[in-house]
Amino acid sequence: MTESNGTTGQVPPPEGGQAPEVAPRRKRAFRPEIQGLRAFAVLLVAIYHIWFGRVSGGVDVFLMISAFLMTLSFTGKIERGVRIGWTELTKYWFHVFKRIMPLVAIIVAGSLVLTRLFVSPDRWLSIMHEAFSVTFYYENWFSIVNAVDYYASDSGAASPLRHFWSLSIQGQIFIMWPLLFALGSLLVRKMGTKVRPVLATIFAVVFVASFAFSVYYTYSNQTAAYFNTFARLWEFAMGSLAAIVLPWIRVRTGVAAILNWVGLLAILTCGALLDVEGQFPGFIALWPTLAASFIIICGQSTTKWGADRLLKWKPLVWLGSNSYGLYLVHWPLLVFYLTITGREKAGFFSGVVLLALSIGLAYVLTKLVDTPIRKWKWAETKRWRAGVVILGCIALGVGSVLAWQARIAYVTHKIEANADKNNPGAEILDPDYTYKGDDNPGLLPTALTRSNDFAEVNGLGQQCDKDKDFKKDMHGLSGGECYRVVKQDHPSKHVVAVGNSHTEQWMTALKQKAQDDNWDLTFVRHPGCFFTSTQDNWFSGACQEWLPQAEDAIQDWHPDNLVIQSTFSSYDGAAEGIREGTEDQVRKWTSEGVGVIGIRDNARFAQSHTECENKNSFEDCTFPHATAGTEDPTSAWRTEIPGYGSLDMDDLVCPDGACPPAVGNIYTYIDDNHLTATYVRSMQKFFDQRYDDAAQVSEDAMAQAGGQPS
């Protein structure tokens, strides 16, 4: 996106003598067409982001140009006999990061402030972590680890820092590439060979190795390959090779003019004609990088109709001087605009305003921050002075995160310290309970941790296959599909819970009850699968494979109680029913002497409470639902199926016929269908009573039917 001087030019041809080759230093001529190419590329990036929600290929042009400029500088130094050792390396590193980090720090700090004001709290932690990765130039690896979808259709739901992935790769190259030049400098001195053939060999090797890896990795894991540094090295290597061979290539005027147009049109049409989202950065990324090579190598034609005349247009060249700032600011402005307005894409007029505002802000930042720091002689004369600037930028970026985290920690501690008094949760629904807390206390879990407040986070125990005392056949279940939640030396009962996340959310209460009542508690799970029938799990081969494995394992264990999800509330929040195969499972296990406890499904909604709260008042986010105020559909099974007991907690989740975002100052839901572990914990007293009632009904009915629980 940027380089140390922002200009480029021809360098002297190799002199032909042996090292050390000392060529007279020439002032590098300004090539306005390359500055215009920068502007052209960043405009494409912004336009595609704002109006089309697509990737243009312009970033690939940026990456190549940055390597081209760097290579011109280092190649010239080596040709003049400058030794690229530790002194030159550190001098370059301090210089370039002093140059590029101030705007990064400002954008990071500004984005954090706007995140606090306009972004849902459940996304704060992720954005704060990403701010660290941006400041230390590993955001692309952060994106890979966190499985970021760079092509998500809703840009308003994206991180305002997501575009820093390319700058992180560029920063890594600014560290790696000088080391390759140092290697080239060493080889030239030791072998007495010419500079450019040595450097050309080094970067050709990098190009071939990276290109092969990029093609392979893009095919096998394109989403991760898009952010992978090693899958992008060849684009930088191409820029370096273009700079190295530049003096050896002469292109006729007419041919140069044609190739300039070919290159410009190829860059312009890349995002429209190619599947950039699904195929980059494999071999298909040769399209924009080769196109940029045509323009760089052909240079300025003397014709009146060459494309370089368009690239030398003064407004475009001016924009090229501000292109770094434009790239930095356009994406956060777009994300925050879409977040505030609730849109997925910008309209034509709003997009024009966003683009104009981005250009204006980029100009201000360049004029007031970037240019003064670049020309600041005090910071250039000593490396430690440049280091002070770099540390100041790190302090601004990281300090913004730490200050915010400290504030959150203080508020959280204050809320949690008074939780017993202020946050009763479901306890407040007890007719005998009298609230004596503060009038306006904070809610738990805190908004920051709400989206992660699930049973698994609080611990599901040890995986069955890692428990040495669990000497039972797993029947093909993997470690993550079976947990020893509670194990006792002399258990009074063995209980097995089975199902998906809607069974898992009750493990917070089941675990506590098992500990209190001296149970062994095992949990068999598979996300998204139903403990019903293979036909009911038609949508997933993995679920159809898991179901009989779970049945065989439970058959061997023969627990006293089997806890299942008994009903299913529809994803749109409009209905509740019993899934095919549920009744057959209940009859199967009860007939074998296993008491079955069916927990009624909780309400699901088309929209999460969090999304509603972001757009409406808290009071407007109490949702109606089919389960609220209605009887459990399986309650009749209590008498029809001896050994079955139903457990209904929905009146505590949706009291008074509707489902509020919080009860007793505790959030009820983490998303549109899962309960917070904190609220489940607040229901413990009610859960224990109702579980005991259901288990008693199960045992009494089974005894009357002539059977006994094992």
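Predicted model: local features only at pLDDT ≥ 70, side-chain atom pairs only at ≥ 80, totals over all residues.
Colleague: Is E33 buried or exposed?

Modeller: The cut-off for buried is under 20% relative accessible area. E33 has a relative accessible area of 0%, so E33 is buried.

Colleague: Which residue does E33 meet in a salt bridge?

Modeller: Side chains of opposite charge can pair when their charged atoms come close. The side chain of E33 has such a partner, with a distance of 2.6 Å from N to O.

Colleague: How many salt bridges does a search of the whole structure find?

Modeller: A pair counts when a side-chain nitrogen of Lys or Arg is within 4 Å of a carboxyl oxygen of Asp or Glu. Searching the whole structure gives 25 salt bridges.

Colleague: E427 and K685 also meet in a salt bridge. How many residues apart are they?

Modeller: The N to O distance in this salt bridge is 3.3 Å. E427 is in the loop between α19 (419–422) and β1 (462–463), while K685 is in helix α28 (residues 684–704). The pair links distant parts of the chain, and the separation is 258 residues.

Colleague: Is E427 buried, partly exposed or exposed?

Modeller: The class in between runs from the buried limit of 20% to the exposed limit of 50%. E427 has 25% relative accessibility, so E427 counts as partly exposed.

Colleague: Why does the salt bridge of D536 and R579 tie together parts that are 43 residues apart in sequence?

Modeller: The closest N and O atoms of D536 and R579 are 2.7 Å apart. The two residues sit in separate loops: D536 between β4 (519–525) and α22 (541–557), R579 between β7 (576–577) and α23 (582–591), so the parts tied together are 43 residues apart. Both D536 and R579 are buried.

Colleague: Which element gives the largest share of the nonpolar patch?

Modeller: The patch lies on the surface and has about 920 Å² of accessible area together; W261, L290 and W313 are among its residues. Two elements give two or more residues to the patch, α10 (253–273) and α12 (286–298). The largest share, 5 residues, comes from α10.

Colleague: Where is W261 found, and how does W261 count at 30% relative accessibility?

Modeller: W261 is found in helix α10. Its relative accessibility of 30% is between the limits of 20% and 50%, so W261 counts as partly exposed.

Colleague: Which residues are closest to the centre of the second largest pocket?

Modeller: Rolling a probe the size of a water molecule over the atoms shows where empty space is left. About 580 Å³ of space lies in the second largest pocket. It has 24 lining residues, and the closest to the centre are S120, R123, E611, N614 and K615.

Colleague: How much space lies in the largest cavity?

Modeller: There are 3 cavities of 30 Å³ or more. The largest cavity is lined by 15 residues, including F530 and Q565, and β3 (493–499) and β5 (561–565) each give two or more residues to that lining. The space in this cavity is about 120 Å³.

Colleague: What is the peptide bond from L444 to P445?

Modeller: P445 is found in the loop between α19 and β1. The omega of the bond from L444 to P445 is near -10°, and the bond is cis.

Colleague: H475 is not a glycine; what is its phi?

Modeller: H475 is placed in the loop between β1 and β2 (482–486). At 25% relative accessibility, H475 counts as partly exposed. Its phi is positive, at about 55°.

Colleague: Which feature does UniProt place at residues 480–688?

Modeller: Over residues 480–688 the chain is 33% helix and 20% strand. The end C-alpha atoms are 27 Å apart. The UniProt record, an unreviewed entry, gives the feature as "domain: SGNH".

Note on methods:
Residues numbered from 1 in each chain as written. Heavy atoms only, no water. UniProt positions renumbered as here; feature names shortened; annotations may be inferred. Helix = DSSP H or I, 4+ residues; strand = E, 2+ residues; numbered from the N terminus. Patch = residues over 30% accessible without salt bridge, like charges linked within 9 Å, V, L, I, M, F, W, Y side chains within 5 Å. Areas by Shrake-Rupley, 256 points an atom, 1.4 Å probe, with all protein chains shown as cover. Buried < 20%, exposed > 50% of the residue type's maximum accessible area, 1.4 Å probe, protein only. 1 Å grid on protein atoms, 1.4 Å probe; cavity = no way out; pocket = protein on both sides within 12 Å on 5 of 7 lines; lining within 4 Å. Points joined across faces, edges and corners; volume = space filled by probe spheres on them.
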